[in-house]
Every structure is written in structure tokens, then in C-alpha cells.
Amino acid sequence: AAWLLVACAAPLPAVDPVVKNALAPTGSLRVGVYPGSPTSMVQDPKTGERAGVALDLGHALAARLGVPVQVVSFERVAQVVDAVKSGQVDMTFTNATAARARDVDFTEPLLSLELGYIVANASAITQASEVDRPGVRVGVTQGSSSQATLGRLYQQASLLPASSVVHAQDMLRQGQVQAYATNKAILNEMLPALPGFKILQGRWGEEHMAIAVPKGREAGKAFLQQFAREAKSSGLLKNIIDKSGFQGTVPSH
């Protein structure tokens, strides 16, 4: 795995026990993930191999701290963020919105993703700018930043929450929604399971993804920021992205 190759490339300096205790207070690094998103965790249906930015960055951070990893899986992103907020998990990788920053602490953004829509090939909607129309029902994952943002932006279209990415796929197949909105990494991951559907040209925004940790981990803050910068500059993050195989990235700001 990319994280292991980087972690083992050279001897690593010992981590201050105060920092280690701040970031992994139980002795293990508890990494929060949810299935269906390459930014979090996906699984190859043939090999069973798992990948994802949250998952693999978590392994890399644990290796750097010298602690074991405990992967904690949830159904959707909002549950992961709540688990970070409550201290049930020690880190994840997610959209660093201002609303979430009130509940958890973020590193600097490491990755930016286009936000878009998936629709049926036969849909009358041909580009992202045409979605906000009367009678259009748009699926979003319950508790997601897409739900919060589009709830403010839409003047005419309505939102229908899905309990998970899998549920969203069923809603599209059954015609319960005319479009599903999220970042294009997830949309591209969904597409093989949705023959007869396509990702619309254009975008309705961007997500700026960062490592998230519970509030109150101040003793580990500087270490975590340095880890994030080195993950980006060393090529570790690129290796993880390539391994996850996702699309839809834009230059991070």
C-alpha cells in the first residue's frame, strides 16, 4: 500500500508521547469511514481490497504515530462527522465546511473536488445549471454538506434525502429523483452500478477536503498540520488518490 511504502522509506523520528496521546488517546488511532466514497472508503468487489483517502491517510498517520489502526465504519458521512465531534473516532477526511468547523478541527485543505449531478441519459436536464426547475426532485445524502448547501441555493427544485449512497442509487433507478447531487468522486464511483445514467457537464460548487479531528486535541495540532503538508508534498496523497481511482479533483486552494 502507498502509505506503507512512504512510511517505511526511511527511519522516522520518535513522536512526543504528549502528541501521541492527544491524537490517539486510546492507544489506537480510530479512523472514521463510510462506504461508497473514494474520499472515505471503497472496496473492490472482485478482490475485496479496500481503498480511500480517509482510510489510507489514517493508516499513514497511525504508522507515523507508531500506533495500531482501528477502522470504524458508518453508513453515511454525517454519522462519521458526528463520531469525530463526540470523540468516538480520532480522525476522518471530509469536506471542511464552516458549519462543521464549529464542531471539529480541520487541517488545511488537501484536496478540492467538483460538485455535480448524476441523471438518466434520457433526462431533459443536460447541464448542471438546468437542475433548479419546478418539479425536479434531487437526491442528497441525509446530513451531507450537499443537502445543507443546495437547501439554501435552490429556488424551485426540491431535495429528497437518501440514507446512504446505495439508497441513492435505488432512488435513481426507481425514478424517485431525477438527479443525485454530491462530489464527482462519488458520482464516478456510482456510475458503473447505474447503466443508463450519466454525470452532467458543469458543476454547482466545490468541496475542500481536509483531515478532521475532535476539538480539544491542541497538543497534536502542529504535528497534524505538518503531517498533512508532508502527505501532500511527498506524493503520499497522490499515491492514495491514484490507488482509490477517483475523478473530479480540481487544484486545491
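## Basis of the description

In this predicted model, local features need pLDDT of at least 70 and side-chain atom pairs count only at pLDDT 80 or more, while totals for chains, interfaces and linings use all residues. Residues are numbered from 1 along each chain as its sequence is written, and side-chain values use heavy atoms, with hydrogens and water left out.

Helices (H or I, at least four residues) and strands (E, at least two) are DSSP runs, numbered from the N terminus.

## The aromatic pair

A pair of aromatic rings is described by the distance of the centres and the angle of the planes. Rings of Phe, Tyr and Trp (its six-membered ring) pair if their centres lie within 6.5 Å, and planes under 30 degrees apart count as stacked, over 60 as edge-to-face and the rest as tilted. The count under this rule is 1 aromatic pair. Its members are Tyr117 and Trp204, whose ring centres are 6.2 Å apart and whose planes stand at 40 degrees, so the pair is tilted. The pair links distant parts of the chain, 87 residues apart, with Tyr117 in strand 7 (residues 111-120) and Trp204 in the loop between strand 11 (197-199) and strand 12 (205-214).

Buried means under 20% relative accessible area, exposed over 50%, and partly exposed in between (1.4 Å probe, protein chains only). Tyr117 counts as buried at 3% relative accessibility, and Trp204 is buried with a relative accessible area of 15%.

## Ser112 in strand 7

Ser112 lies in strand 7 and is buried, with a relative accessible area of 0%. Its side chain is joined to that of His208 by a polar contact of 2.9 Å. A polar contact is a pair of N or O atoms within 3.5 Å; within protein, one must be able to donate a hydrogen and the other to accept it, and residues adjacent in sequence count only if both atoms are side-chain atoms.

Axes are lines fitted to C-alpha atoms, for helices over the stretch in contact, and angles run from 0 to 180 degrees between N-to-C directions. Angles under 35 degrees count as roughly parallel, over 145 as roughly antiparallel, 65 to 115 as roughly perpendicular and the rest as oblique. A crossing is left-handed if the near helix is turned anticlockwise from the far one by less than a right angle, and right-handed if clockwise. Contact means heavy atoms within 4.5 Å.

Helix 3 (residues 53-65) packs against helix 9 (residues 221-233) at an angle of about 125 degrees, with the axes 12 Å apart, which makes helix 3 oblique to helix 9. The crossing is right-handed, and the residues in contact include Leu57 and Ala60 of helix 3 and Phe223 and Phe227 of helix 9.

With helix 10 (residues 236-244), helix 3 packs at an angle of about 140 degrees, the axes being 9 Å apart, and helix 3 is therefore oblique to helix 10. This crossing is right-handed. Val53, Asp56, Leu57 and Ala60 in helix 3 meet residues of helix 10, among them Leu236, Leu237 and Ile240.

## Two buried alanines

Ala162 is in strand 9 (residues 158-162) and is buried, with a relative accessible area of 1%. Its C-alpha atom is separated by 4.7 Å from that of Thr141, 21 residues away along the chain.

Ala179 is in strand 10 (residues 179-183) and is buried, with a relative accessible area of 0%. Leaving aside neighbours within four places in sequence, the contacts of Ala179 include Tyr117, Ile118 and Val119.
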